[in-house]
Amino acid sequence: MGRKLEDWLEGYIRYSDISEAPDLYHIWVGLFCLSAALERRVHLPWGDSRLYPNQYVILVGPSGVARKGDAIGLGQRLLEELNLPKIGEDNSAESLILDLQSSETHYFLGERMLTQCSSYCVSEELSVFTGYQNTRLLGYLTNWYDSRTSWKRSTKHQGIDEITNMCFNFLGGTAPDWIPYILTPEAMGGGFTSRVIFVVEQDKRKLIDNPFEAITDVELKKTLINDLEHVHMLVGTFSISKEAAEVYKAWYHKQDAVYKQGKMSFPSPTFDGYWARRPAHLMKMCMALSVSRGGSLEIIKFDIERALKLLEITEKRMSLVFSGVGKARYAEEIDKIIRYIEKRGTVNRSELLNNFYRNVEDLRPIIQQLWQRKVINVEKTPDGRDEKYTFVWKES
């Protein structure tokens, strides 16, 4: 049976209607499913190298509020129907390497039989997978992102561990206040975080007050699995249409100019590494969006424009979680203060002090940061004795 859906991702979003989780979560989980199904069987020529479709996606939101687990679980259950090599979410670095080695599979490109070590991992709680500031594991994940043809590790007693033609996809979830405790300073900026798409949401998209009566669209689920299996069977090299290449070139020059002028979405030097990897993130998205439409392995103008729009919306929200990365002392408080002001619209300094004096010694650096990032406006009260903070940050 051939493919049935005109666009797999659109079908997946319809299927996600049974979940309270936000649309942006579902879109990225859908993209992850497509990338994981592709494994290392396809690539895009990238200079003198190759770009593979694997992605690291982490959903970020308050615990128990934004329904990260619901969004992750919905996609995970579809992927499991394909019986792809999968890595458990609680591993030592050593067992993770062994699992990747044992994920070796073979496929044909014409008459040639090729080998890959492709696997994926889904972890609803990022801290379960990474542990607390696990430098070694974060270093491995950073290494593995580029899908190396050969990755080796020498051990004292067991010789050399080698993974050939690797490809690793990762989907996780975390609350924002956990990030500074999970990541090390070395993992930030040019390290692990530059390779991750952080998808930030603060609340559910809707209420489902009768989950016991919620009905899964069984036929749509079968169709999604069928079409995902067809995606999994694709093998070959991506091409890019002339029109799509022109859009990319114009965007790339614009990005370079924006960077030189210091007008990025999040201009902190900490994230220069992410900014440098935006082209790779964009084209990985384009590969997934292309196979969402069909099996031509051609990236067209529609794909790149769709990817750009999604990336820009996602980055607008990413800046909120990035404000706390690397600032473990205030990361949780910054997030709580942002949400507190957002819900009330306008609050006085005295009100914030009364509610957060146990957590924050000095509000000034936090308020200064939120004002500079245009999250809030700051003005004096009419009597001049207090300050008034108004939430003004808006998403595209």
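Reader: What is the mean pLDDT of the protein, and what share of its residues reach 70 or more?
Author: Happy to start there. This is a predicted model, with a mean pLDDT of 86 for the protein, and 88% of its residues reach 70 or more.

Reader: Which stretch has pLDDT below 50, and how many contacts does that stretch have beyond near neighbours in sequence?
Author: That is residues 324-328, with eight contacts of that kind in the model. A word of care: where pLDDT is low, the predicted coordinates should not be read in detail.

Reader: Which elements have the lowest and the highest mean pLDDT?
Author: Helix α7, residues 179-182, has the lowest at 76, and strand β13, residues 298-299, has the highest at 98.

Reader: What makes α2 roughly perpendicular to α10?
Author: The angle again. Helix α2 (residues 23-38) and helix α10 (residues 272-293) pack at about 85°, their axes 9 Å apart. The range for roughly perpendicular is 65 to 115 degrees, so α2 is roughly perpendicular to α10. On the α2 side the contact uses W28, L31, L34, S35 and L38; on the α10 side, M285, M287, A288, L289, V291 and S292. This contact has nine nonpolar, two polar and no charged residues.

Reader: And why is α2 called roughly parallel to α3?
Author: The axes of α2 and helix α3 (residues 68-80) come within 9 Å and cross at roughly 25°. Angles under 35 degrees count as roughly parallel, so that is the word for α2 and α3. Here α2 passes α3 in a right-handed crossing. Y25, H26, V29, F32, C33, A36 and A37 of α2 meet K68, A71, I72, L74, G75 and L79 of α3. By class, that contact holds ten nonpolar, two polar and one charged residues.

Reader: How do you know that D7 forms a salt bridge with R306?
Author: The closest N and O atoms of D7 and R306 are 2.8 Å apart, and the rule asks for a nitrogen and a carboxyl oxygen within 4 Å. The pair therefore qualifies. By this rule the count comes to 14 salt bridges.

Reader: What does the D7 and R306 pair tie together?
Author: D7 lies in the segment before α1 and R306 in helix α11 (residues 301-322), so the pair ties together parts 299 residues apart in sequence.

Notes:
Residues are numbered from 1 along each chain as its sequence is written. This is a predicted model: local features need pLDDT of at least 70, side-chain atom pairs count only at pLDDT 80 or more; totals for chains, interfaces and linings use all residues. Side-chain values use heavy atoms; hydrogens and water are left out. pLDDT is the predictor's confidence in each residue, from 0 to 100. Helices (H or I, at least four residues) and strands (E, at least two) are DSSP runs, numbered from the N terminus. Contact means heavy atoms within 4.5 Å. A salt bridge is a side-chain nitrogen of Lys or Arg within 4 Å of a carboxyl oxygen of Asp or Glu. Axes are lines fitted to C-alpha atoms, for helices over the stretch in contact, and angles run from 0 to 180 degrees between N-to-C directions. Angles under 35 degrees count as roughly parallel, over 145 as roughly antiparallel, 65 to 115 as roughly perpendicular and the rest as oblique. Ala, Val, Leu, Ile, Met, Phe, Trp, Tyr, Cys and Pro count as nonpolar, Asp, Glu, Lys and Arg as charged, and the others, Gly among them, as polar. A crossing is left-handed if the near helix is turned anticlockwise from the far one by less than a right angle, and right-handed if clockwise.
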